[in-house]
Amino acid sequence: MTDSLDALNKKLDRLIEAVSRLAAPPVPETDLSVADCFVWQAEPGVLEPVRKVNRVDIGLIRGVDRVRDILLDNTERFASGFAANNVLLWGARGMGKSSLVKAVHAAVNASDKLDRPLKLIEIHREDIDTLPRLMGLLKAAPYRFMLFCDDLSFDHDDTSYKSLKAALEGGVEGRPANVIFYATSNRRHLLPRDMIDNERSTAINPSEAVEEKVSLSDRFGLWLGFHKCSQDEYLDMIDGYVRYHELTIDPDHLRAEALEWATTRGSRSGRVAWQFTQDLAGRLGKPLKD
């Protein structure tokens, strides 16, 4: 009898060991003190620190002075513990929406007004339905967090926007006091225009159907619009980059090359100005500053 029990116990031990190997490893806790920027990895639910953030100095972002000042003021108030709004930065592509968010974060942390640094957390568009879970992890942390989603928009039959609505303002618990949400998009209402128009034309009560679709953007207290830049603003952006990176070139030659570059690209924007600067630095054999 004893031998049978011993054999059974050994088999149970092997079974338990095998099941343990199949089980998912425990999720490690994130040390929020190791960095100021993180990327939310929805699976397995961890914040991955970013040691070197891809961003430019706020002084190099030109042509958007008014929205830059509004965003900086809103972020400074939030980081200092005062009331502030969620922000939607929308409009023309390549005009520095995401660059401005990252630059403002750096500028706020560079000041000596904060007891603790403001943390920037990027959440990917495809993980937006996990936003409530992320907020649940952050609400008890001793920091203030700026959540950031770049190029946020929703396509047909995508219902995850309802999760975002509830997480920002509409849920029972609401947005934690130490969390603010910034998003960039080419669309002011985050949904395709034909999707909204279709609701208006087919619904029994068109106005209520449209309200359901556009109310998401109402969760953002600040709408900051970015518009296509003029030729002078485009050239001013390039002049700023050239001076900052100490690239030596004749001003008339620089202007002619910059305009030709914009013509071949078919647009003028901050992104086009930066791409021209990279090309110019490469042709001159000059490294760009970090």
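Modeller: Let us begin with one residue. Y241 is buried, at a relative accessible area of 8%; buried means under 20%, exposed over 50% and partly exposed in between, with a 1.4 Å probe and protein chains only. This is a predicted model, in which local features need pLDDT of at least 70 and side-chain atom pairs count only at pLDDT 80 or more, whereas totals for chains, interfaces and linings use all residues. Residues are numbered from 1 along each chain as its sequence is written, and side-chain values use heavy atoms, leaving out hydrogens and water.

Colleague: How many of the residues of the protein chain count as buried?

Modeller: The share is 40% of the 290 residues.

Colleague: Where in the protein chain is confidence lowest, and where highest?

Modeller: Confidence is given as pLDDT, the predictor's score for each residue from 0 to 100. The mean is lowest in helix α6 (residues 193–202), at 52, and highest in strand β4 (residues 119–122), at 97. Helices (H or I, at least four residues) and strands (E, at least two) are DSSP runs, numbered from the N terminus. Over the protein chain, pLDDT averages 84, and 80% of the residues score at least 70.

Colleague: Which residues touch the most other members of the largest nonpolar core?

Modeller: In soluble globular proteins, nonpolar side chains tend to be buried together. A nonpolar core is a set of buried Ala, Val, Leu, Ile, Met, Phe, Trp, Tyr and Cys residues joined through side-chain atoms within 4.5 Å. Here the largest has 45 residues, and L71, L100, Y182, F226, Y234 and I238 touch the most other members. Helix α8 (residues 231–244) contributes most to this core, with six residues. Because domain 1 (37–226) and domain 2 (231–284) both supply residues, the core lies between them.

Colleague: How many aromatic pairs does a search of the whole structure find?

Modeller: Rings of Phe, Tyr and Trp (its six-membered ring) pair if their centres lie within 6.5 Å; planes under 30 degrees apart are stacked, over 60 edge-to-face, and the rest tilted. The search finds four pairs. The ring centres of F181 and F220 are 6.0 Å apart and their planes at 45°, so this pair is tilted. F181 is buried, at 0% relative accessible area, and F220 is buried as well, at 3%.

Colleague: How far apart are the ring centres of Y241 and W274?

Modeller: The centres are 5.1 Å apart and the planes at 50°, so the pair is tilted. It links distant parts of the chain, with Y241 in helix α8 and W274 in helix α10 (residues 270–284), 33 residues apart. W274 is partly exposed, at 26% relative accessible area, whereas Y241 is buried.

Terms used: Domains from an automatic or database assignment.
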